[in-house]
Amino acid sequence: MKRRVPLTIVFIVSLFMVIQYFVPLDSWAWMYQYLIDWTIIIGVFALLLGIWSLLRVNYEKIQRKSENWQYSIVTLLGLFIMIIVGFVPGWGNLENYTYQHLFYYVLVPIQATMFSLLAFFIASAAFRAFRARSALASLLLFSGLIIMIRFVPMGPLSEPISEIATWILQVPNLAAKRAIIIGIGLGAAATALKIMLGIERAYLGRD
Amino acid sequence: MNIFEKMVALDRRWVFLFLFVVVSFAYFFRNSFSVDVVTTKEVESIYDFIEGAEPGDKILMSFDYDPSSLAELHPMSRAIMLHCFRQGVQVIAVTLSQYGAGMVEEVLRDVSAEAAELYGREVSYGTDYCFIGYRPYPAFVILGMGENFRVFFPRDYYDTLLDDLPIMHRVRNYDDVKGVLSITSGTTSDMWIIYGNARYNMPLALGVTGVMATDYYPYLGNALFGLIGGWKGAAEYEQLVDQPHDANRGMPAQVAAHLTIVLFIIIGNIGYLMSGRKKPKIGV
């Protein structure tokens with residue numbers, strides 16, 4: 001019973017979603033919209049679960065004085081400060097001075113800095129990885145260089161380089177990507193079918 | 001260790017330092033360089049799409065990025081919105097990124113003020129543009145908006161009923177907007193393709209970061225009618241709308257960075273080939 005009920009719900013709902021996709025009757029539209037409404041409710045619970053999980057993991061880390069436990073204090077402080085600033089009357093709307101300042105002068109520079117560092121790591125990784133070790137590696141190296149230098153103005157060479165880069169992107173890249181996408185699509189369809197038919201039950205957890 | 005072996009085993013800190021110096025130099029002395037930006041078909045098709053829109057047509061712009069890619073994606077958001085306001089195309093803004101709301105507010109506020117000054121007419125909230133806000137779980141939000149914007153957004157970001165906004169009158173779902181432009185730095189772009197375009201078949205274009213751009217070429221011409229990739233794409237769009245700004249200013253630094261990386265790749269390969277294809281002896 002414990003397993004049969006959720007498996008039956010999954011089967012009925014997923015069967016409905018599949019059928020309504022391929023047979024778009026007007027009378028089914030309200031049902032589809034009703035199911036989408038449900039996702040909002042489920043989403044709220046998932047959010048609460050996420051906050052609870054974050055609190056528990058970090059609290060335990062602090063309690064046990066695990067490695068780098070100090071960062072957990074920062075995480076929890078960040079969580080509580082943003083919640084308090086967002087909720088306390090007078091501080092707490094999205095046009096609010098404190099909230100906006102914390103966003104623009106703390107979060108934005110932190111994230112921008114982290115992303116900017118990527119340029120240095122890409123440079124270092126390209127230097128180490130792009131070596132003509134074999135025919136295939138040379139092909140990768142050549143393609144990578146062409147794609148990169150298409151951004152660089154090179155006078156009369158710019159146009160042919162741009163054309164080669166476009167060809168690389170739209171012919172071999174496109175062919176390989178489409179093959180991968182089709183493979184992923186077939187895999188996703190097979191997994192969905194397994195879940196629908198109750199063959200794949202990992203989402204139910206352990207008894 | 002001969003010179004070629006040293007080239008192969010170059011410490012990564014030299015790479016970091018050299019890149020920092022070159023990019024800083026190119027940025028601070030950007031006015032001394034001129035970079036010709038050649039426009040590409042995938043960017044031009046977005047420009048043509050908006051250029052071909054009638055005044056009063058509506059476009060849904062989804063700002064699905066966070067502060068980490070703000071520098072790369074803000075310029076294209078600005079250029080597209082300026083183009084929309086120039087054409088009298090109305091912009092319905094939404095964000096599917098949890099950090100997006102603050103940034104959308106900023107870009108809407110700044111660009112509407114800039115457009116009003118540039119084109120000498122009032123660009124007002126509720127009539128020329130609106131911001132319907134943020135909701136989590138992008139896949140569901142995309143599906144929900146396909147039925148009715150009001151499923152997830154009964155009110156806009158400022159708590160006004162959507163029905164009270166003139167721009168939203170007679171706008172129910174994707175059928176009532178001319179197209180969707182998603183400016184994104186994450187997987188939301190895939191969701192727009194899978195749940196938005198595949199199911200509702202609305203015209204869709206993407207603005208993505210430079211490193212993401214190659215992933216979306218396979219969709220060009222079928223799921224996507226246009227694609228703007230990174231700063232280069234933004235610089236192209238700025239040129240098309242004749243409003244060169246941050247992306248064009250940043251081009252010398254980007255070109256310098258790319259050349260530096262190419263230079264290091266060449267150095268590494270010369271060293272590798274001349275040293276008899278030996279692996280480096282020290283960690284780099």
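Which residues does B:Ile92 touch, not counting residues up to four places away in sequence? In this predicted model, the residues touched by B:Ile92 are B:Lys58, B:Leu60, B:Cys130, B:Ile132, B:Ile167 and B:Val177.

## The nonpolar cores

B:Ile92 belongs to the largest nonpolar core, which holds 80 residues, and it is one of the members that touch the most others, along with B:Val91, B:Ala93, B:Cys130 and B:Tyr237. Helix H4 of chain B gives the most to this core, with 9 residues. In soluble globular proteins, nonpolar side chains tend to be buried together.

Another core lies apart from the largest one and has 18 residues, among them A:Ala123, B:Val23, B:Ala26 and B:Ala257.

## Chain B as a whole

The secondary structure of chain B consists of 11 helices and 6 strands, and its C-alpha atoms fill a box of roughly 75 × 40 × 30 Å when taken along the principal axes. Of the 284 residues in chain B, 51% are buried. Among the contacts in chain B with a separation of 6 or more, 74% are accounted for by residues 24 or more positions apart.

Chain B is divided into two domains: domain 1 is made of residues 3-32 together with 251-274, while domain 2 covers 41-244. The C-alpha centres of domain 1 and domain 2 of chain B lie 36 Å apart.

## Chain A as a whole

Chain A has 7 helices and 0 strands, so that, read from the N terminus on, its elements run α-α-α-α-α-α-α. The C-alpha trace of chain A spans about 65 × 50 × 40 Å along its principal axes. A compact globule of 207 residues would have a radius of gyration near 17 Å, whereas the value for chain A is 26 Å.

Buried residues make up 6% of the 207 residues in chain A. Where contacts in chain A join residues at least 6 apart in sequence, 22% of them link residues at least 24 apart.

## Where the two chains meet

The contact between the chains takes 42 residues from chain B and 42 residues from chain A. On the side of chain B that touches chain A, at least two residues each are supplied by helix H2 (12-28), helix H4 (70-87), helix H5 (100-119), helix H6 (138-147) and helix H11 (246-274) of chain B. The largest share of that side, 14 residues, comes from H11 of chain B. By type, the residues of the side of chain B that touches chain A divide into 27 nonpolar, 10 polar and 5 charged.

## Helix H7 of chain A

Helix H7 of chain A, residues 172-196, has 25 residues and reaches 36 Å from its first C-alpha to its last, which is close to the 36 Å expected at 1.5 Å a residue. Because the number of buried residues among the 25 of H7 in chain A is 0, this helix lies largely in the open. H7 of chain A is followed by A:Gly198, whose phi is positive, near 80°.

A:Tyr59 lies in helix H2 of chain A, which covers residues 29-63. This tyrosine counts as exposed because it has 12 C-beta neighbours inside 10 Å, and the cut-off for an exposed residue is 12 or fewer. A:Tyr59 and A:Tyr71 are 12 residues apart in sequence, and their C-alpha atoms are 11 Å apart in space.

The loop between H2 and helix H3 (69-87) of chain A contains A:Asn68. With 7 C-beta neighbours inside 10 Å, A:Asn68 also counts as exposed. Although A:Asn68 is not a glycine, it has a positive phi of about 60°. Most residues other than glycine have a negative phi.

## A positive phi in chain B

In chain B, the residue B:Tyr137 has a phi near 65°, a positive value in a residue other than glycine. B:Tyr137 is found in the loop between strand E3 (129-134) and H6 of chain B. Because 18 other C-beta atoms lie within 10 Å of it, B:Tyr137 is partly exposed, whereas a buried residue would need 20 or more.

Definitions and conventions: Residues are numbered from 1 along each chain as its sequence is written. Chains are lettered from A and ligands numbered from 1 in the order in which they are written. This is a predicted model: local features need pLDDT of at least 70, side-chain atom pairs count only at pLDDT 80 or more; totals for chains, interfaces and linings use all residues. Two residues are in contact if their C-beta atoms, placed from the backbone, lie within 7 Å. Helices (H or I, at least four residues) and strands (E, at least two) are DSSP runs, numbered from the N terminus. Ala, Val, Leu, Ile, Met, Phe, Trp, Tyr, Cys and Pro count as nonpolar, Asp, Glu, Lys and Arg as charged, and the others, Gly among them, as polar. A nonpolar core is a set of buried Ala, Val, Leu, Ile, Met, Phe, Trp, Tyr and Cys residues joined through C-beta atoms within 7 Å. The expected span of a helix is 1.5 Å times one less than its number of residues. Domain bounds come from an automatic or database domain assignment. The radius of gyration is taken over C-alpha atoms; the globule rule is 2.2 Å times the number of residues to the power 0.38.
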